[in-house]
Amino acid sequence: MKIEHLNATFQPAKIGHPHGLQVTYLKDNSTRNIFIYHEDGKTSMSYKIRIFIKIAPSERKAGWPRPQQCQGHREIVDWFNALRAARFHYLQVAFPGASDADLVPKLSRNYLKEGYMEKTGPKQTEGFRKRWFTMDDRRLMYFKDPLDAFARGEVFIGSKESGYTVLHGFPPSTQGHHWPHGITIVTPDRKFLFACETESDQREWVAAFQKAVDRPMLPQEYAVEAHFKHKP
């Protein structure tokens with residue numbers, strides 16, 4: 001794991017435990033998830049940490065163990081703070097002129113939005129399929145299950161200056177059965193269609209997408225965009 005791309009966020013609802021932690025990092029330029037929970041949030045060192053990892057088929061072939069419980073002796077809060085401390089040290093080296101006040105907001109981040117939507121394929125003739133979506137900065141990732149290790153796919157959402165637009169509804173030619181409240185994301189290369197079950201879900205997703213589109217892209221984000229365009 002490269003500390004440069006490491007993030008940790010508490011996810012009790014998703015993991016189904018009051019002291020659940022989600023750790024993410026980049027593996028081959030794709031987001032990798034690890035889900036951890038502790039029997040208590042901050043108690044004695046005798047408690048055990050339990051880590052549930054869904055192993056991708058490619059990793060299983062390479063000799064990774066099957067999903068299991070891993071034991072440790074550190075409280076979940078200590079793990080969270082240790083990851084943030086490692087990130088802080090990295091950022092101090094990477095940005096030697098930055099103040100602590102500038103670095104602290106970069107230690108960890110919460111997702112802009114998560115939840116279920118339906119999506120169709122690039123030809124927009126395939127049926128809509130229900131997926132779990134996570135909006136992480138400019139990366140929109142979708143999973144078959146919220147606790148999957150890897151996303152089924154990722155969509156980069158750039159700025160309006162770079163040709164990205166968010167629209168309510170679907171194109172008139174949209175086919176197939178789907179939830180009633182549509183969203184269309186227009187990129188320089190194609191259109192992505194998503195369907196929400198409720199109007200409130202639609203409003204929240206559009207707001208999250210629009211927040212990314214309205215924000216000018218940073219120089220390093222153009223490199224991320226270029227990677228997405230050249231993904232196989």
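**Burial and packing in a predicted model**

Reader: How many of the 6 residues of strand β11 are buried?
Author: This is a predicted model, in which local features need pLDDT of at least 70 and side-chain atom pairs count only at pLDDT 80 or more, while totals for chains, interfaces and linings use all residues. Residues are numbered from 1 along each chain as its sequence is written, and side-chain values use heavy atoms, with hydrogens and water left out. Buried means under 20% relative accessible area, exposed over 50%, and partly exposed in between, with a 1.4 Å probe and protein chains only. Strand β11 (residues 191-196) is largely enclosed by the rest of the structure, because the number of its 6 residues that are buried is 5.

Reader: How many helices and how many strands are there in the chain, and what share of the residues is buried?
Author: Helices (H or I, at least four residues) and strands (E, at least two) are DSSP runs, numbered from the N terminus. By that assignment the chain holds 6 helices and 11 strands. Of the 232 residues in the chain, the buried share is 43%.

Reader: In what order do the strands of the open sheet stand, and which strands stand at the edges?
Author: Two strands pair if DSSP finds at least two bridges between them. The open sheet has 7 strands with antiparallel pairing, in the order β8-β7-β6-β5-β11-β10-β9. One side of each edge strand is left without a neighbour in the sheet, because each has a single partner strand, and these edge strands are β8 (153-156) and β9 (165-168).

Reader: How many bridges join β10 to β11, and which residue of β11 is the bridge partner of His-181?
Author: Strand β10 (residues 181-186) and β11 form a hairpin with 4 residues between them. The two strands run antiparallel and are joined by 6 bridges. Within that pairing, His-181 has as its bridge partner in β11 the residue Cys-196.

Reader: Which residue of β11 is the bridge partner of Lys-119?
Author: Strand β5 (residues 113-119) also runs antiparallel to β11, and 2 bridges join them. In β11, the bridge partner of Lys-119 is Phe-194.

Reader: At what angle to β5 does helix α5 run, and what angle does α6 make with β8?
Author: Axes are lines fitted to C-alpha atoms, for helices over the stretch in contact (heavy atoms within 4.5 Å), and angles run from 0 to 180 degrees between N-to-C directions. Helix α5 (residues 199-214) lies across several strands, including β5, β6 (129-136) and β7 (139-143), and runs at about 110° to β5. Helix α6 (residues 219-229) packs on the sheet and touches β7 and β8, its direction making with that of β8 an angle of about 135°.

Reader: Is Glu-154 buried or exposed, and what distance separates the side chains in its polar contact with Arg-139?
Author: Glu-154 lies in strand β8 and, because its relative accessibility is 14%, counts as buried. A polar contact is a pair of N or O atoms within 3.5 Å; within protein, one must be able to donate a hydrogen and the other to accept it, and residues adjacent in sequence count only if both atoms are side-chain atoms. A polar atom of the Glu-154 side chain lies 3.1 Å from the backbone nitrogen of Thr-31. In the polar contact that joins the side chains of Glu-154 and Arg-139, the distance is 2.5 Å.

Reader: With which residue's side chain does the side chain of Arg-215 make a polar contact?
Author: Arg-215 lies in the loop between α5 and α6, and at 29% relative accessibility it counts as partly exposed. Leaving aside neighbours within four places in sequence, Arg-215 is in contact with Asp-137, Arg-138, Ser-159 and Glu-221. At 3.4 Å, the side chain of Arg-215 makes a polar contact with the side chain of Glu-221.
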